[in-house]
Amino acid sequence: MTQQSESTTSATAQDTDDPVPPLAPAPGHPAVLPPPPLAEPRPLGERRSWPRSFVDRLTAPLPGLRAFARFAREGALRPGAEGLADIPLLPFEPGPLPRVDVRTVAVSWAGHASWVIRIGGLTVLTDPVWSRRIIGTPARITPVGVAWSTLPRVDAVVISHNHYDHLDAPTLRRLPRDTPVFVPAGLGRWFRRRRFTRVTELDWWEAAELGGVRFDFVPAHHWSKRSLTDTCRTLWGGWVLTAPEGQRVYFAGDTGYGHWFSRIGQRHPGIDLALLPIGAYDPRWWLSDVHCDPEEAVRATVDLNARRMAPMHWGTFVLSAEPVLEPLRRVRAAWERAGLAREDLWDLAVGGSRVLE
């Protein structure tokens, strides 16, 4: 696996890898570098030019012919009948959205990577997929946990990348076209073709602000593809949302485990809640570079120095071969083994909500 540099594609205020004078070390200890400064927010809706490909951002090579040959020999990316038998036991507890004010941070899990985040007085949707079925995947095994009709006005949408289980055109068509949308570099054209008028594209380590809430786009160990000819033509990543009062929520999007977590935690200290993927990991030889397993998600929480973790990306769509309830069992066990406080694992049911105190 190769680890790419953090530099962005163009010279901006975000060139944060310049040398920083070290802090004075304590006797007998090495110098400690402070985290690089956060970028100044970029203008909302800015039109920008991007490279034709982001393949240089990959932290692992995409599968080659040998991998596809092995996949053809070994077969399924779906669990067998025994692995599907627990579908009726998947936690599904839809409830009303919490009451909030401008100083409250609350999250509600609609399923998969779709969250309703209430922060700084805004309602933000992450990777909204309210469809029953997406291309190439069986129908949902749990219903959507938050009815669309119960949503307050959506103030913003963040998108992690362009895979169909994260970028769902039928769901996005439900939104007013003047809804502010924050997307990875190169993906703005997709939204503008669909007549969205307030689209902000960001590179890794760049940021924008809306209503006093800061939206930082951060790296992920993943990739992008939506058709046969557009592999890595748009970027991928996660989002750190920071409220005016300072509360921070990290939405990882879709990612494997790796070095980015500690760097995100260094640049964004004091993450109150990390929304991390724990499913779609089996077989590991095929998926380890792009999807965390439950134990890696717990390690990522520690790397981030996040106070709490809420699992996602499981129990909604069958995308891989692990039994449907296994991610939840394994993340609970890994959390306990790590000696972390049980109340800081927000293992919500689909439709569940929690409020940051």
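A search of the whole structure turns up 13 aromatic pairs. Here, rings of Phe, Tyr and Trp (its six-membered ring) pair if their centres lie within 6.5 Å; planes under 30 degrees apart count as stacked, over 60 as edge-to-face and the rest as tilted. Phe182 and Trp239 make an edge-to-face pair, because their ring centres are 6.3 Å apart and their planes sit at 70°. This is a predicted model, where local features need pLDDT of at least 70, side-chain atom pairs count only at pLDDT 80 or more, and totals for chains, interfaces and linings use all residues. Residues are numbered from 1 along each chain as its sequence is written, and side-chain values use heavy atoms, with hydrogens and water left out.

**Aromatic rings**

- Helices (H or I, at least four residues) and strands (E, at least two) are DSSP runs, numbered from the N terminus.
- For the cut-offs, buried means under 20% relative accessible area, exposed means over 50%, and partly exposed is in between (1.4 Å probe, protein chains only).
- Phe191 and Phe196 form an aromatic pair that is edge-to-face, with 5.5 Å from centre to centre and 75° between the planes. Phe191 is buried at 0% relative accessible area, and Phe196 is buried at 4%.
- Phe182 and Trp239 turn up again in one aromatic cluster, together with Phe215 and Phe217.

**Salt bridges**

- How many salt bridges does a search of the whole structure find? It finds 17. To count as one, a side-chain nitrogen of Lys or Arg has to be within 4 Å of a carboxyl oxygen of Asp or Glu.
- Glu46 and Arg42 meet through their side chains in a salt bridge (2.9 Å, N to O). Glu46 counts as partly exposed, at 22% relative accessibility.
- Arg330 and Glu326 also form a salt bridge, at 3.1 Å from N to O. These two are separated by about one helical turn, because they are 4 residues apart in helix 8 (residues 326–337). Arg330 counts as partly exposed at 26% relative accessibility, and Glu326 is partly exposed at 22%.
- Which residues are linked in a network of salt bridges? Glu326 and Arg330 are in it, along with Arg284, Asp293, Glu295 and Glu296.
- Asp347 forms a salt bridge with Arg342, and their closest N and O atoms are 2.7 Å apart. Asp347 counts as buried at 19% relative accessibility, whereas Arg342 counts as partly exposed at 43%.

**A charged patch on the surface**

- Arg173, Arg189, Arg193 and Arg194 form a positive surface patch. Patches are made of residues with over 30% relative accessible area and no salt bridge: like charges are joined within 9 Å, nonpolar side chains (Val, Leu, Ile, Met, Phe, Trp, Tyr) within 5 Å.
- Lys and Arg count as positive and Asp and Glu as negative, while His and the chain ends are not counted.
- Arg193, one of the patch residues, is found in helix 4 (residues 188–193). At 55% relative accessibility, Arg193 counts as exposed.

- Arg195 has a positive phi of about 70° although it is not a glycine. You'll find Arg195 in the loop between helix 4 and strand 6 (199–202), and it is exposed, with a relative accessible area of 68%.
- Asn305 has a positive phi too, near 60°, and is also a residue other than glycine. Its place is in the loop between helix 7 (294–304) and strand 12 (309–312), and Asn305 counts as exposed at 58% relative accessibility.
- Where is the cis peptide bond with omega of about 10°? It joins Asp282 and Pro283. Pro283 lies in the loop between strand 11 (273–277) and helix 6 (284–287).

**Another proline**

- Pro63 sits in the segment before helix 1 (65–74) and counts as partly exposed, at 40% relative accessibility.
- The C-alpha atoms of Pro63 and Ala300 are separated by 24 Å, and these residues are 237 apart along the chain.

Terms used
Areas by Shrake-Rupley, 256 points an atom, 1.4 Å probe, with all protein chains shown as cover. Charge placed at Lys NZ, Arg CZ, Asp CG, Glu CD.
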